[in-house]
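Me: I'd like a close look at one part of this model: the charged side chains and who they pair with. Could you walk me through it?

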Amino acid sequence: MKKKIAVLAGDGIGPEVIAQGLKVLDAIAERYGHEFQYFHADIGAKAIKNTGVPLPEATLKICMETDAILLGAIGDPQYDNSPDVKIRPEQGLLELRKSLGLYCNIRPVKTYKKLLHLSPLKKEYIEGVDMIIYRELTGGIYFGEKGKSADGKSAFDTCSYEVKEIERIAKHAFEAAMRRRKKVTLVDKANVLKTSQLWRSTIIDYAKKYPEVSLDFMYVDNAAMQLVLAPAQFDVILTGNMFGDILSDTSSVLVGSLGMLPSSSVGQKTSLFEPIHGSYPQAAGKDIANPIATIKSVELMLQSMGLYKEALTIGNAIGHCLTKGIGTPDINPAIEYSCSQLGDVIATIIGGFEVNLDKLQQGVSTII
Ligand code: IPM
Ligand code: MN
């Protein structure tokens, strides 16, 4: 198979984790006889620096002409302490999502037996957690009318949703539930918000198409609590843009590291794949970031292309590393591997080769 892939490494640790994702894609191409052609483009703070805008036209053009987009991370601390700045790196990502119509963001959260000890939560609560968050991505308060008064003393963001925006993501969530444990939990704030009441009535109607799926409802404040109290109860969580943003970060605590969680965003045409973590500027350039979230995003990309065997090969290679205790400092403080070493190991396993850990470790100063 021949595929064109837009590669937007972005800011902070983005380029380091993306390099590992590409190593893995190359190993898959080699093993299964595919051809992946990469088109690199700027986004975020890097794009602002190079072109003055966070999403240059050239980048958008590349994204529109490729079969899939692989994105690293966006954000730079330089912008964080001056919230009034007109141009922000994050706008690049939001514009990209909107321009490509990527309305459905999918964030799978599954705990690994080998990593249970990393979570601050008790093992018995997080064992067996396997859920997917379906987050609406191009509507709600992120994209509603916003503004600030002339005297700077007030500001507003508007949250609005249309039935058709709710139904189109509901389709993805219910279809996923049918392939899984057949349970959808709609998370909203219908006791207060009009938009949430619209989500509820729309989803109650929509669910009639899927009589086998059990549907329940949870207010977002309760959902935040349930996610840490009894996370194994969830199968598919369906929710709006901002609630999904917040709850997906919370859910990463269950897995033990934000560096483990991938995501895909699908919509009208090309899909986008990215780790859910941010640009982690403190780690940028240090080769310590966990590349697994990006590598798992590549796995999701291959699944979306119908390359199931290839995707499984990646999942197995990651599983093998975790079993052997091969990991970056966030998941394996005892024996640390660098970001690029972990990428090398996973690519080597995919290539069908045995990894000689002794040899690998000889070059690692942090190994005892
Ligand atoms: C995410 C991020 C983005 C969001 C930011 C970078 C705009 O936090 O993908 O979860 O809020 O959607
Ligand atoms: Mn987020």
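This is a predicted model: local features need pLDDT of at least 70, side-chain atom pairs count only at pLDDT 80 or more; totals for chains, interfaces and linings use all residues.

Reply: Let's start with Lys-146, which makes a salt bridge to Asp-157, with the closest N and O atoms 3.3 Å apart. Lys-146 sits in strand β6 (residues 146-148) and Asp-157 in strand β7 (residues 155-157), so this pair ties together parts that are 11 residues apart in sequence. Lys-146 is partly exposed at 44% relative accessibility, and Asp-157 is partly exposed too, at 45%.

Next comes a pair within a helix. Glu-299 and Lys-296 meet through their side chains in a salt bridge (3.1 Å, N to O). They are 3 residues apart in helix α11 (residues 292-304), about one helical turn, and both are buried. Elsewhere, salt bridges with shared partners link Asp-80, Arg-88 and Glu-90 into one network. Within it, Glu-90 bridges to Arg-88 with the closest N and O atoms 3.3 Å apart, and Glu-90 is partly exposed, at 29% relative accessible area. Across the whole structure, the search turns up 17 salt bridges.

Then there's Glu-136, in strand β5 (residues 130-136). Glu-136 is buried but has no salt bridge: Arg-168, the nearest side chain of opposite charge, is 4.3 Å away, and the cut-off for a salt bridge is 4 Å. What the Glu-136 side chain does reach is backbone: the nitrogen of Gly-139 at 2.8 Å, while the backbone nitrogen of Thr-138 lies 3.2 Å from one of its polar atoms. Beyond its neighbours within four places in sequence, Glu-136 has contacts that include Tyr-103, Tyr-161, Arg-168 and Trp-199.

Key: Residues are numbered from 1 along each chain as its sequence is written. Chains are lettered from A and ligands numbered from 1 in the order in which they are written. Side-chain values use heavy atoms; hydrogens and water are left out. Helices (H or I, at least four residues) and strands (E, at least two) are DSSP runs, numbered from the N terminus. Buried means under 20% relative accessible area, exposed over 50%, partly exposed in between (1.4 Å probe, protein chains only). Lys and Arg count as positive and Asp and Glu as negative; His and the chain ends are not counted. A polar contact is a pair of N or O atoms within 3.5 Å; within protein, one must be able to donate a hydrogen and the other to accept it, and residues adjacent in sequence count only if both atoms are side-chain atoms. Contact means heavy atoms within 4.5 Å.
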